Amino acid sequence: MHTDLVPDDLWERVAPPLPPAPERRHRHPGRCRVPDRAALAGILYVLRTGVAWCDVPARTVGCSGVTAWRRLRDWTGAGIRPRLHAALLTELRRASLLDLDDCSVDGSHIRALKRGDLVGPSPVDRARPGSKHHLIVDRHGTPLAVPLTGGNRHDVTELLPLLDAVPSIRGRRGRPRRKPRRLYADRGYDFDKYRRLLWKRGIKPLIARRGFAHGSGLGKVRWGVERAFTWLHPFKWLRTRYERRADLHQGLLELACSLICLRRLRTSF
């Protein structure tokens, strides 16, 4: 089951940045530590199926849900997920599969059933508690960053933090890339203040204006961010937020983005 959930090409990229296992005691060593690959299989099982941590089939997956949750907590605290995502983005750019000139941004509401950190009344769900995924992608829909905020946060207020969340992407000679040349967005980002702030950063804003009929042509590029959300939604744990801790939900978000990047690397050959 490990190889089904954690294929070799994924494990080869995940294993190097993992922290070393703690040394066992000699007198009272206790039970053997669950291998990291089995723990990652348990995390991916929850991410894909959306089951509760206590319902993970330990005999099938090779790891209990509690152990997988604890390993996710430790790896999130160590910053493993952002490094994995940045490394895969570097591979994509080296293979000329990343187009950073044209990027798109958007946000998506999710319901938060257990409340917790970064939860607020959702304006699109009758003020029920919810959170929001803010996503920035390249021209092909490859996710570059996906921060988590409360459901009552406006999209435009997270525009600049979203741009700052994009990692330094290497893979080519010269300086690493961190910002696009042109940024596409829908009417929710139609504020002249943020247009001026984007121009100051050297980014050309291409944002649809409120009060005008559809047909601006921006959808020819903005479809990438919509497709990226359709890639994220099949991970059932991300459709509805069950995790109270925002850092663990953020870690699962970044892991899902890494899997999407790896999938794009596979289909390119």
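This report describes helix packing, a strand pairing, salt bridges and backbone angles in a predicted model.

## Basis of the description

Because the model is predicted, local features are reported at pLDDT of at least 70 and side-chain atom pairs at pLDDT 80 or more, while totals for chains, interfaces and linings use all residues. Residues are numbered from 1 along each chain as its sequence is written, and side-chain values use heavy atoms, without hydrogens and water.

Helices (H or I, at least four residues) and strands (E, at least two) are DSSP runs, numbered from the N terminus.

## Packing around helix 3

Helix 3 (residues 36–49) and helix 10 (residues 246–267) have axes that come within 11 Å and cross at roughly 90 degrees. Axes are lines fitted to C-alpha atoms, for helices over the stretch in contact, with angles from 0 to 180 degrees between N-to-C directions. The two helices, helix 3 and helix 10, are therefore roughly perpendicular (65 to 115 degrees; under 35 counts as roughly parallel, over 145 as roughly antiparallel and the rest as oblique). I43, L44, L47 and R48 of helix 3 make the contact (heavy atoms within 4.5 Å) with L252, L255, A256 and L259 of helix 10. By class, this contact has seven nonpolar, no polar and one charged residues; Ala, Val, Leu, Ile, Met, Phe, Trp, Tyr, Cys and Pro count as nonpolar, Asp, Glu, Lys and Arg as charged, and the others, Gly among them, as polar.

Helix 3 also packs against helix 5 (residues 65–77), at an angle of about 100 degrees and with the axes 8 Å apart. Helix 3 and helix 5 are therefore roughly perpendicular as well. D36, A39, L40, G42 and I43 of helix 3 meet A68, R71, L72 and W75 of helix 5, a set of six nonpolar, one polar and two charged residues.

## Parallel strands and their crossover

Strand 6 (residues 182–185) pairs with strand 7 (residues 204–207) in the parallel sense over four bridges; pairing requires at least two DSSP bridges. P205 of strand 7 is the bridge partner of L183. From strand 6 the chain passes through helix 8 (residues 192–200) to strand 7 in a right-handed β-α-β crossover, that is, a clockwise path from the first strand over the helix to the second when the strands point away from the viewer.

## Salt bridges and positive phi

The structure holds 23 salt bridges, each a side-chain nitrogen of Lys or Arg within 4 Å of a carboxyl oxygen of Asp or Glu. One of them joins D155 and K132 at 2.9 Å, N to O. D155 lies in the loop between strand 5 (148–150) and helix 7 (159–164), and K132 in strand 3 (residues 129–137), 23 residues apart.

S96, not a glycine, has a positive phi of about 60 degrees and lies in the loop between helix 6 (80–94) and strand 1 (102–112). L118 has phi near 55 degrees, in the loop between strand 1 and strand 2 (120–121).
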